[in-house]
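Biologist: I am new to this structure. Please walk me through the terms used for it.

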Protein chains: 2
Amino acid sequence: MSEPSKSSSYSFFNIVEKCDNYPYSDNTKSSSKPNDIPLLLDNDIKVGLLLPPTVEALKEYIRLKEPNPFIIEDKYVKFAAHLNTFESRTEIVKQLFNTWREEKIFPALSGWRDELYPIYGDPKSPKNIAFVMERCAAPLFGVLTFGVHLNGYTRTEQGQLKMWIAKRARTKPTWPGWLDNAVAGGIPYTLSVRESVIKEAMEEASLSMEIAEKAVPVGAISYFTVSQRGLQPEIQYVYDLEIPLDVEPKPLDGEVECFYLWDMDELVKHIKADEFKPNCALVVIDFLIRHSIIDPNNEPDYLDILNRLHRRLDFPTMTI
Amino acid sequence: MSEPSKSSSYSFFNIVEKCDNYPYSDNTKSSSKPNDIPLLLDNDIKVGLLLPPTVEALKEYIRLKEPNPFIIEDKYVKFAAHLNTFESRTEIVKQLFNTWREEKIFPALSGWRDELYPIYGDPKSPKNIAFVMERCAAPLFGVLTFGVHLNGYTRTEQGQLKMWIAKRARTKPTWPGWLDNAVAGGIPYTLSVRESVIKEAMEEASLSMEIAEKAVPVGAISYFTVSQRGLQPEIQYVYDLEIPLDVEPKPLDGEVECFYLWDMDELVKHIKADEFKPNCALVVIDFLIRHSIIDPNNEPDYLDILNRLHRRLDFPTMTI
């Protein structure tokens, strides 16, 4: 992934569309739908979407397996009937991705994280979790993933709104050098939304527990990205945190190169120059709408932007 | 329309679902789709949805008309080719609804407002407006309508959040006696979103221009209601206004019986008791999410609620 270019200027809608780029079925103007088929649990619940290269690799994989873990048909791929528990599905998926990782057939798997993500859908399991799988493999299965992003902002004594923006380390496996929200991360299997945001705020931005705990939930955005890595339907819980004027986020765990503190004009300039990791731009755009910087009286795509920041994703989510 | 009952208790999701109750095409569990067909402009752009009683009444209406204003087929109703301008469509629609009003065949038309709403879709017209039509007839054509709602809130000196809630006058043609946002109204043909909210704030709540102008845009909600009146796909622009502690909204134009000032617990209680006009409840729920009263860690339907507050409505909107 190359670093961002600084030359072009985009509209907010262009930026949203770059991230939410899986075609809508009711839109005849949009590009054609990828040739994907659903990944089903043994009980027929759809938990993912597979592109042809994944289906081909799965066919190859099951040739050598007894009993057969996946039923592969033209219209779907399904977990075999004996794989009807959290444990059995988790184990077979682990073996599968370990094999593909060793064979190096999917570049996405070179960014291995050793971070397990929950896939929801099994009504018989606690919290509805059908299985867990390695984070970087999620786009190969086209499963719904969950993250949490935090807008860190300040208000000057004159009331001027400013936002802290992270620049991603050049060593990150994905989007090195691009701009990011003050704090962002996936929600691993073991943590709640709130625990995730507090942990990341401390690890990524060196914020104290006392400050991180003041982060407040303000909504969620959802979108569906098609990329070279595969299919990424995603939901990001959004938190806002007013950071005191005398506190400065600082890189800690090597994920961030540096932090910038920008006023709204500067922020908008960098979004429109396409320097943000796309889903982070969406979190900022949602902030700009909630804080009246983007206004229905001057933004022609106001309604379309709001719609696409809250895309309906046809996959099961956690039941609590 | 009877006044609200005070007995039942609903979840936030139940309340959202009551208002956004047109079935989703991908949801096999939901009730079946109404037997509606699209209303098309002469250029085939879909601007509304017609239920069988409207189609039958249209068939009767065109029997006596020369030249024929509407082409009625099994799968659609279309404006005739000679009705290809703003003026000609507006005139024929005006004649049609005046006739139906006199004939008293649709109870919805007894709530005549003399308020013209724009229907978007004609790329050749200024602001994309295909025609304008009487507000109360909109559900008969199933056209997309636009309104603006304002959350009037205060913060006490101790920082406690409270919200001003209007009780609708018992003389209102729709939802008499139900609870409403501090300020709400449709967006007529002649006003911008911002002009509408300021005008309504002054007329409905006696707020001074100086205070009303401090209202800030914070997003929009969209939903699709099926009711006895017909089909109502709607978008509400949402504004927040912090009302100074020493200012009290007061009824002025007879639309509101009285105003209440409630803390968040009281507010939630009245929403869950189903005492709010449904779309006004949705505006409050959106406020409660943005202000962290509804939290992803304790609201099981958090994501579903956010999705359904931002329903994708497959109709043209204004281009600016």
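**Salt bridges and symmetry**

Modeller: Start with A:R170 and A:E257, which form a salt bridge with their closest N and O atoms 2.9 Å apart. A:R170 sits in the loop between β8 (161-168) and β9 (179-181) of chain A, and A:E257 in strand β13 (residues 256-263), so the pair ties together parts 87 residues apart in sequence. This is a predicted model: local features need pLDDT of at least 70, side-chain atom pairs count only at pLDDT 80 or more, and totals for chains, interfaces and linings use all residues. Side-chain values use heavy atoms, without hydrogens and water.

Biologist: What makes A:R170 and A:E257 a salt bridge?

Modeller: The term requires a side-chain nitrogen of Lys or Arg within 4 Å of a carboxyl oxygen of Asp or Glu. Here the closest N and O atoms are 2.9 Å apart, so the pair qualifies.

Biologist: Why is A:R170 called partly exposed?

Modeller: Buried means under 20% relative accessible area, exposed over 50%, and partly exposed in between (1.4 Å probe, protein chains only). A:R170 has 46%, so it is partly exposed. A:E257, at 34%, is partly exposed too.

Biologist: What is A:R63 called, at a relative accessible area of 60%?

Modeller: A:R63 is exposed. Its side chain meets that of A:E60 in a salt bridge (2.9 Å, N to O).

Biologist: How do you know that the two copies are related as by a two-fold rotation axis?

Modeller: A rotation of 180° with 0.0 Å of shift along its axis superposes chain A on chain B (RMSD 0.0 Å). The copies are thus related as by a two-fold axis. The superposition is by least squares on the C-alpha atoms of residues with pLDDT of at least 70 in both.

Key
Residues numbered from 1 in each chain as written. Chains lettered and ligands numbered in written order. Helix = DSSP H or I, 4+ residues; strand = E, 2+ residues; numbered from the N terminus.
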